Amino acid sequence: MSRILIANRGEIAVRVIRACAQNGHTSIAVYADQDANALHVQLADVAIALPGTTAAETYLSIEAIIAAARRAGADAVHPGYGFLSENADFAAAVEDAGMIWIGPTPDSITALGDKVTARQLAQRAGAPLAPGIDRPLRDAAEVEEFAAEHGLPIIIKAAHGGGGRGMKIVREISEVAGAFESATREAIEAFGRPECFVEKFLEHPRHVEVQVVGDGKGTVVAVGDRDCSAQRRNQKLVEEAPAPNLSEEQRERLQRSAEAICAEVDYRGAGTVEFLLAADGTMTFLEVNTRLQVEHPVTEAVTGVDLVTEQFRIAFGEGLSLSATPEVRGHAIELRINAEDPGRGFLPTPGRIETLTVPGGPGVRWDSGVRAGDTVQPAFDSLVAKLIVHGPDRATTIARTITAATELDVVGPATVLPCSLAILRHPAFAGESLGIDTQWIESQLLPEFAPQERPAPVSDDGITRVDIEIDGKLTTLGLPDALLAALGPVGGTASAGTGEDGDRAEGSVASDDGSTAVTAPVPGSLVDFLVDDGAEVAEGDEVAVLSAMKMETRVQAGAAGTLTHVASVGDVVAVGEAIARIR
């Protein structure tokens, strides 16, 4: 059987590793320095290091992953989701290296992964579309011209993105320049490409999507549909299948449109076609994700189709296992367990998981990339696990999910569980008529949540590599920094953690000299100052932008006065670390 390298980490890497074992394939994991003891590394048959601590050095490095695949003798590469999963250059590099790419062809990724081209294909396939500029934007001025013609609100999107990153909703013309710059920054950081486009934004829509699989020879089958309207920061929190409260006509049109769009490019593998559904029944095409989705388990639960196994079948020339949309059996709900604090506006909260109690019971599935004792890393995505629950009908499934979510106990990082439970119990979600939309959480629920206790700061322990001679041959050893710190100065530079700085509080802190420190509310990278050094600011003004766990967080001034920069753009800062001072 094949040796499959999984070019990913965390929960999805574990999911693919288990599918490899089920199908008799050898699984090969890759890992960044801080992931050396991660669950996916422990479970894989083989594990290869990607030296480095950032996504750019490791999971986003085509060169590093191809080298690891060659070193491990991989026959194929599965990209998971996120990182390079929708990167056509990566897919081509895998194939050029003589390995099988478990996904769409590079040409299909280019055509559908570029949201501009995808809009053009959707138009050709007869799918409904909102007004938009069907090419990459030149600058913010072009966005302002579009807004003047079509009115507000509008949405700026990364052309090569997904997962809600690189998306900015604009409701005031004065916000255009800042939103364009922010979307471009997020697009570069998350996807390595700066191109963005703009389209008219539909207020309060539902998010409905169709799972498809294609054989690469023109046959595309819709496996089912899902509702993913419960979102924050344009990223999903709760997903369910099938999508509730659709008429048979709507469901049929969505599924057949999805098949037609993907058939335009002879789609190969698993993919998802996303739509928005307005309250008046208007539907508009959103995008195509040319990869497996985070929420794929709910479709698996109600159809019995193992989508990762289906990916393997298609990639290895065995064809599709189904010829038509399968019959739906019951209902399924997925909760994303993100290390974020709803009481702090969903700020990321990386930290050590002290204890973890996983629920059980009828229809309960737990997909996770962590165990008790693991650390949720600040350098990567905040998703740590998924709770999937299946039942005979929607009401039963909601009740089972509430029970399972109540049993789930995570001590350490703050999580989105309080928000998830509030969603499940709210009449707008649980009622017979689904009454939520993609802005419902932030507009209706967010004020209800109290901040959770912050976890201890994440130690910056990693791996120090030292050259050592063994039997006359020079080799490199990777030694944990914690071990080096305990042993003393044994080559390299050891890092013993955050020390006293771990006690610093978030927010603005008054100093003995009368100034007020503007401190980092999350650990991350300082990507921009919004005001110049020496400028006057008022209390509450946004003064800086941090990037943490692939999301941008704006930092406000805690006092009025003259602002002095302390940190520099590009610096990595800890929670509570001063980035500026106000006098």
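Predicted model: local features only at pLDDT ≥ 70, side-chain atom pairs only at ≥ 80, totals over all residues.
Glutamine 231 is located in strand 10, which covers residues 220-232. Its relative accessibility is 5%, and because residues under 20% are classed as buried, glutamine 231 counts as buried. When neighbours within four places in sequence are left aside, the residues in contact with glutamine 231 are His207, Lys236, Leu237, Thr438, Ile441 and Glu442.

The domain assignment of the chain gives four entries: domain 1 (3-102), domain 2 (132-200), domain 3 (206-445) and domain 4 (516-582). Taken over C-alpha atoms, the centres of domain 3 and domain 4 are separated by 35 Å. Contact between the two involves 15 residues of domain 3 and 9 residues of domain 4. About 910 Å² is buried between domain 3 and domain 4, and 72% of this area lies on carbon and sulfur atoms. On the domain 3 side, the residues that lose the most area to domain 4 are Arg233, Leu347 and Pro348, which together account for 48% of what that side buries. As to polar interactions, the count of salt bridges between domain 3 and domain 4 is 0, and 1 residue pair is in polar contact, with both residues at pLDDT 80 or more.

Helix 7 comprises residues 140-150, and its buried residues are Ala140, Glu142, Val143, Phe146 and Ala147. These residues are on the same side of helix 7 because they cover an arc of only 155° around the axis. In general, an α-helix has 3.6 residues a turn, so residues three or four places apart point the same way. On the other side of helix 7, the exposed residues are Glu145, Ala148 and Glu149. The cover over the buried residues of helix 7 includes strand 6 (154-158), helix 8 (176-191) and strand 8 (196-200).

Both ends of helix 7 were also considered. The N-terminal end of helix 7 is capped by aspartate 139, a side-chain oxygen of which lies 3.2 Å from the backbone nitrogen of alanine 141. Just after helix 7, a positive phi of about 85° is found at glycine 151.

Conventions: Residues numbered from 1 in each chain as written. Heavy atoms only, no water. Buried < 20%, exposed > 50% of the residue type's maximum accessible area, 1.4 Å probe, protein only. Helix = DSSP H or I, 4+ residues; strand = E, 2+ residues; numbered from the N terminus. Arc of directions from axis to C-beta. Contact = heavy atoms within 4.5 Å. Polar contact = N/O pair within 3.5 Å; in protein donor to acceptor, adjacent residues only side chain to side chain. Domains from an automatic or database assignment. Buried area = accessible area lost by both parts, 1.4 Å probe. Salt bridge = Lys/Arg side-chain N within 4 Å of Asp/Glu carboxyl O.
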